[in-house]
Amino acid sequence: MKFIVDQAVRRADGKDAGSAIISAAERRQHGLFALTALANLLDLNPKLYEFSQQVPQLVSALEDPGLCEAAAAVLARIGNHPAQTALVEMASRPEVAAGQRTIAATMLAEAIRAHGVQLTRPQVAMQYQRYNASAAATPETQKILGAGLDAPAAFGALFVTASLL
């Protein structure tokens, strides 16, 4: 599984011996298949299937616009601290396409609903600082940054505690 996800996020640069055999489109298709399989297994029995060790590969897949949605969905199902961190960081990166950032913010809210807030207090406080600093940014950026903050009340309650530190 790791091999397929790794292959899906690699770019064909002509130097890869496998690029002549498997095209970038085929690798992306294999990656989508693997990500869909991971999501389906987690839907069946999240306690039986432990995929938290795959978070680094899923983070790499977030970078690929063609794999971002599927990777974010798996990260949301995993829902642990590293997964939520990856989603909040992707949603907060202004250089990333708005579509990918929106997906990450939406899946962060899903992860929080399903698993509770796994982010640390400083991470939550940082997200509020990013949102407050986005006053001069585009409305789209403000909406994306705010989406993660609109997650369940537990998110806001954690921030209140963080602001007292």
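This report walks through a predicted model of one protein chain, starting with its overall make-up and then turning to a few spots worth a look.

## The overall picture

Start with the secondary structure: the chain has 9 helices and 0 strands. If you trace the sequence from one end to the other, you get α-α-α-α-α-α-α-α-α.

How much of the chain is buried? Of its 165 residues, 41% are.

Helix H2 takes in residues 24-44.

Which residues of H2 are buried? They are Arg 27, Gly 31, Ala 34, Leu 35, Leu 38, Ala 39 and Leu 42. These residues cover an arc of only 135° around the axis, so they sit on the same side of H2.

Now look at the face of H2 that is turned away from the buried side. There you'll find Ala 25, Gln 29, Phe 33 and Leu 44, which are exposed.

## How H2 meets H4

H2 packs with helix H4, which is made up of residues 68-78. As for handedness, the crossing of H2 and H4 is left-handed.

Helix H3 covers residues 55-62, and in the loop between H3 and H4 you'll come across Leu 67. Is Leu 67 buried or exposed? With a relative accessibility of 0%, Leu 67 counts as buried, since the cut-off for that is under 20%.

In sequence they are 33 residues apart, while in space their C-alpha atoms are 9.6 Å apart.

## An aromatic pair

How many aromatic pairs does the structure hold? There is 1. It is formed by Tyr 49 and Phe 51, whose ring centres are 6.2 Å apart and whose planes lie at 5°, so the pair is stacked. The cut-off behind that label is that planes under 30 degrees apart count as stacked.

The two partners can also be described by their accessibility. Tyr 49 has a relative accessible area of 28%, which makes this residue partly exposed. Phe 51, at 14% relative accessibility, counts as buried.

Terms used. Residues are numbered from 1 along each chain as its sequence is written. This is a predicted model: local features need pLDDT of at least 70, side-chain atom pairs count only at pLDDT 80 or more; totals for chains, interfaces and linings use all residues. Side-chain values use heavy atoms; hydrogens and water are left out. Helices (H or I, at least four residues) and strands (E, at least two) are DSSP runs, numbered from the N terminus. The expected span of a helix is 1.5 Å times one less than its number of residues. Buried means under 20% relative accessible area, exposed over 50%, partly exposed in between (1.4 Å probe, protein chains only). The arc is that of the directions from the helix axis to the C-beta atoms. Rings of Phe, Tyr and Trp (its six-membered ring) pair if their centres lie within 6.5 Å; planes under 30 degrees apart count as stacked, over 60 as edge-to-face and the rest as tilted. Axes are lines fitted to C-alpha atoms, for helices over the stretch in contact, and angles run from 0 to 180 degrees between N-to-C directions. A crossing is left-handed if the near helix is turned anticlockwise from the far one by less than a right angle, and right-handed if clockwise.
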